[in-house]
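Please keep the sequence and the model in view while reading.

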Amino acid sequence: AADIPCSAYRSSWSQPRIEWKFQKGSSLVLFYYGGELTEPYKNRVQFSPTTIHFNTVTREDMGKYICEVVGGNNQIAKSEVNLIVQGAAAPQPPLPARLLVPA
């Protein structure tokens with residue numbers, strides 16, 4: 001599990017619009033937009049104005065998460081967090097043994 005904070009959020013702003021983007025290499029993906037999590041995050045991430053919470057993380061989730069908050073008076077704030085996933089990779093199932101049959 002992992003929590004990624006949105007330090008750009010300001011509770012004093014009227015009706016802030018919050019967007020999350022995920023950047024990996026040169027690709028930029030909308031993560032949370034229009035009040036909804038996008039696929040494939042819907043089933044494994046919870047959103048709150050100050051944090052996104054991953055129930056599970058994989059190495060595929062490594063990258064930069066950008067939180068952008070736009071206030072009612074056109075105020076804009078942005079924060080970025082680099083997520084690094086460490087640890088051993090999930091164990092792979094063993095390959096089936098080959099039977100050696102003498103010729």
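## A buried cysteine pair

C67 has a relative accessible area of 0% and is buried, where buried means under 20% relative accessible area, exposed over 50% and partly exposed in between, with a 1.4 Å probe and protein chains only. C6 also counts as buried, at 4% relative accessibility.

## Basis of the model

The model is predicted: local features need pLDDT of at least 70, side-chain atom pairs count only at pLDDT 80 or more, and totals for chains, interfaces and linings use all residues. Residues are numbered from 1 along each chain as its sequence is written, and side-chain values use heavy atoms, with hydrogens and water left out.

## The disulfide

A disulfide is a covalent bond between the sulfur atoms of two cysteines. Here the term is applied to a pair of cysteine sulfur atoms within 2.5 Å. One disulfide is found in the whole structure: C6 is joined to C67, with an S to S distance of 1.8 Å. The link of C6 and C67 is left-handed, with -60 degrees about the S-S bond. Because C6 lies in the loop between β1 and β2 (17-24) and C67 in strand β7 (residues 63-70), the pair ties together parts that are 61 residues apart in sequence.

## The open sheet

Strands (E, at least two residues) are DSSP runs, numbered from the N terminus, and two strands pair if DSSP finds at least two bridges between them. Three strands form an open sheet in the order β1-β6-β5, with antiparallel pairing. β1 (2-5) and β5 (45-48) stand at the edges with a single partner strand each, so one side of each is left without a neighbour in the sheet.

β5 pairs with strand β6 (residues 51-54) in the antiparallel sense over four bridges. Q46 stands opposite H53 in β6.
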